[in-house]
Structure formats: structure tokens, C-alpha cells
Amino acid sequence: MHPERFESWLNVGTHGLYCRPGGFHIDPHSAVNRAVITHAHSDHARAGHDHVLATRETLALMKARLGSAAKLGTQALGYGETLQVGDVTVRLVPAGHVLGSAQVVIEWRGRRAVISGDYKRSADPTNPPFELVPCDLFVTEATFALPVFSHGDAKGEVAKLLKSLKQFPERAHVVGVYGLGKCQRLIALLREAGYAEPIYLHGALAACCQIYESFGVELGALKPATGAKREELKGAVVLAPPSAIADRWSRRFADPVPAVCSGWMRVRARARQSGAELPLIVSDHADWPELCQTLKDVGAPKVWVTHGREEALVHMARSLGIDAEALHLAGREEEGT
Ligand SMILES: [Zn+2]
Ligand SMILES: [Zn+2]
């Protein structure tokens with residue numbers, strides 16, 4: 001192993017990205033002995049690891065979603081704290097993606113690698129902002145790595161929802177949101193915009209909201225949608241998993257306005273497919289300008305691109321003189337876009 005040659009001490013094995021001198025995997029896609037987990041989305045946080053190191057928030061979310069975060073033991077590491085693991089030091093810094101999300105900063109023999117996990121740089125009232133860490137190797141996500149993806153201002157999208165509520169005061173606005181991250185961010189953005197009415201939740205969304213609240217994120221009055229009277233839901237905001245928008249679950253509402261809140265709503269065909277009458281472009285992932293800016297900001301001479309549109313970002317990085325390549329990791333079906 002040589003510190004200059006990252007491939008010799010950080011490599012992709014059968015379970016995913018592995019740090020040899022540290023003896024751990026980062027976001028492995030199958031069960032391993034030691035895992036460092038960037039955040040609790042299911043494409044990063046799998047069940048069945050023996051030992052898991054993550055932020056306290058991620059461990060709580062993993063426990064709620066998977067039953068337990070690890071079989072034998074968990075260790076919480078706060079943002080900014082440094083821990084010796086094997087021969088390397090590990091530090092977790094905010095990724096700005098969802099509650100508890102962290103970039104993993106690994107240092108070995110004077111070289112620093114940063115594994116971003118999923119990240120975004122736009123404002124999110126529910127978790128601390130992405131922290132820029134200059135490094136020698138940057139491993140970046142690429143979910144929205146095409147120039148067409150520019151998410152715009154989330155506040156403007158929330159204003160569209162509020163305008164529609166005014167325009168159609170008799171109709172429930174049923175908004176499809178991912179349960180971890182998008183749901184709580186949309187609620188917080190609505191509250192910031194002055195919306196003080198109770199917000200109704202599909203049962204699948206309640207547990208993550210409770211965890212956010214237990215970590216001090218204020219979401220205001222939330223009520224279960226199930227059991228609420230039709231009359232009560234007129235003109236209300238109802239949040240549900242995106243899959244519930246087009247299915248039987250939505251039929252309980254009289255003449256609802258179906259909406260979906262996702263970065264994919266930028267693509268017309270995807271918006272149509274989702275059944276959304278009101279597509280709202282809000283994403284918890286970096287858009288194309290943010291991805292490109294981040295490559296410049298971290299200043300890493302070497303970049304590995306994981307899950308998503310690898311080719312476009314690799315091409316972009318190379319045009320900046322960066323030694324970039326796609327890291328083909330299995331098992332990445334993006335969640336929480
Ligand atoms: Zn994610
Ligand atoms: Zn992901």
C-alpha cells in the first residue's frame with residue numbers, strides 16, 4: 001500500500017468501497033464486519049453489518065428503518081470529532097443531504113480522502129450545511145450529473161404549492177415525498193413560509209418525522225391522514241410516499257391535487273409519469289452546477305464518481321484537469337431524490 005496511490009488502500013471489493021488500513025467498508029451494499037455509514041437512505045445503509053460507525057442521527061434512523069443499526073455494536077461519532085480506526089483517522093462532517101448525513105474524511109500517511117455520500121449545498125432548515133473539506137481524493141455522487149438538472153430555489157417551489165392551496169381551497173393537496181429527508185424538509189420550508197395549519201401524514205412517514213423532532217427539528221402540528229374526515233382534509237396539505245399518489249390510497253380524497261416533490265420533476269416525462277398535476281422541483285442532491293462547483297472547491301487532483309450519471313461528471317472533471325474516473329458500485333438504486 002502506498003499513500004499516493006489511493007487504489008492501493010481504498011478500493012472496490014465485493015461489498016463495495018473498502019479502506020484497507022482502516023479495516024472497514026463505507027456504505028457497503030451487503031453485510032460486512034465493520035461499516036462506516038454516510039446516511040440512513042436504504043441504498044447506503046443496509047441491514048446486517050456486525051459493527052456500524054455513523055452519526056447519532058443516522059444510527060437512530062437506521063434503527064427505526066431496519067429494526068437495528070448493527071448486529072453486534074454501534075459507535076456514534078459527532079460531526080467534527082476525529083477517531084482512530086486501525087491505522088487511519090476518520091472524521092464525519094456535514095453533507096447537507098438529510099438528518100445525520102455525513103461525508104467521511106479518511107486520513108492515512110498524510111493523504112486525505114473525502115467520501116461525500118449523497119450531498120447538496122442548497123439551504124435546508126432540517127440539517128447543517130455541507131462542509132467543504134479540501135482533499136487529495138474526492139469521491140462524489142452523481143445522481144443529477146447532467147447539465148439539464150438545475151434545481152432552482154426550493155422556496156419558489158413551496159410558494160407554488162401555497163399559491164395552489166389559495167387557488168383551490170376545497171381540494172386536498174396530496175404531495176408525494178420521500179419519507180426520509182424530503183418529507184421533513186418540505187414541512188420545514190412550509191413552516192418557514194408561514195404555513196401554520198396542521199399537515200397530514202401518510203402512516204409511512206410518521207416514524208422519521210418523530211426522529212427529526214427528537215433531534216430538535218421543529219415541524220409544527222402533524223396529524224395522521226388516516227382517520228381524518230373528508231371535510232377536515234379539504235384544502236389541507238397531505239404528505240405521502242410518491243408511490244401512494246397514483247394508487248388507491250389517494251382515492252379517499254375528494255378531487256385532490258396530486259403533487260410530487262423531487263429533483264426528477266425537472267424532466268417532463270417523469271413528472272407526467274408520476275401522476276403529478278403539480279410537479280415541485282425540490283431535491284436533496286446536488287444539481288449539475290453544485291456538483292461542478294464542488295469539484296473546483298475541494299481542489300482534489302483525483303476524483304472518483306459513484307452512482308448516477310458518472311460519465312458526464314467524469315468528462316467535466318477531466319476538462320478541469322482532474323484525474324477522474326467512474327467507480328462502478330453495485331446496489332445503488334437511488335432513494336430520497
Ligand atoms: Zn441519500
Ligand atoms: Zn444515494
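**A strand and its surroundings**

Modeller: From strand 16, V257, A259 and C261 point one way while P258 and V260 point the other way, and all are buried. Here "buried" is under 20% relative accessible area, "exposed" is over 50%, and "partly exposed" is in between, with a 1.4 Å probe and protein chains only. Strands (E, at least two residues) and helices (H or I, at least four) are DSSP runs numbered from the N terminus. The model is predicted, so local features need pLDDT of at least 70 and side-chain atom pairs count only at pLDDT 80 or more, while totals for chains, interfaces and linings use all residues. Residues are numbered from 1 along each chain as its sequence is written, chains are lettered from A and ligands numbered from 1 in the order written, and side-chain values use heavy atoms, without hydrogens and water.

Since five of the five residues of strand 16 are buried, the strand is largely enclosed by the rest of the structure. Now for its partners. With strand 12, strand 16 pairs in the parallel sense over four bridges; two strands pair if DSSP finds at least two bridges between them. If you click on V175, its bridge partner in strand 16 is A259. V175 also has a bridge partner in strand 15, namely L239. That belongs to the parallel run of strand 12 (residues 173–176) and strand 15 (residues 237–240), which are joined by four bridges.

Strand 16 also pairs with strand 17, again in the parallel sense, over three bridges. There, V260 has P279 of strand 17 as its bridge partner. To get from strand 16 to strand 17 the chain goes through helix 7 (residues 268–274), a right-handed β-α-β crossover. Right-handed means that, with the strands pointing away from the viewer, the path from the first strand over the helix to the second runs clockwise.

Step back, and you will find an open sheet of six strands, in the order 14-13-15-12-16-17 and with parallel pairing. At its edges stand strand 14 (222–224) and strand 17 (278–280), each with a single partner strand, so one side of each lacks a neighbour in the sheet. From one strand to the next the twist averages 30°.

Two helices lie across these strands. Helix 2 (residues 154–167) lies across strands 12, 15, 16 and 17, and runs at about 155° to strand 17. Helix 3 (residues 182–192) lies across strands 12, 13, 14, 15 and 16, and runs at about 170° to strand 13. Such angles run from 0 to 180 degrees between N-to-C directions, along axes fitted to C-alpha atoms, for helices over the stretch in contact; contact means heavy atoms within 4.5 Å.

D255 is not a glycine, yet has a positive phi of about 45°. It is exposed, with a relative accessible area of 52%.

Next, the other spots. Strand 18 (residues 302–308) has six of its seven residues buried, so it too is largely enclosed by the rest of the structure. Strand 18 pairs in parallel with strand 11 over five bridges, and with strand 19 (residues 323–326) over four bridges. K302 is the bridge partner of L137, and D323 is in turn the bridge partner of K302 in strand 19. Together, strand 18, helix 9 (residues 310–319) and strand 19 form a right-handed β-α-β unit.

In strand 11 (residues 137–142) you will find V139, which is buried, with a relative accessible area of 3%. Beyond residues up to four places away in sequence, V139 touches V114, I115, S116, W304, T306 and L327.

Finally, visit helix 1 (residues 56–66), where E57 is located. E57, T58, L59, L61 and M62 of helix 1 are buried, with strand 5 (51–54), strand 6 (73–76) and helix 4 (206–214) among what covers the buried residues. Setting aside neighbours within four places in sequence, E57 contacts L99, G100 and F215.
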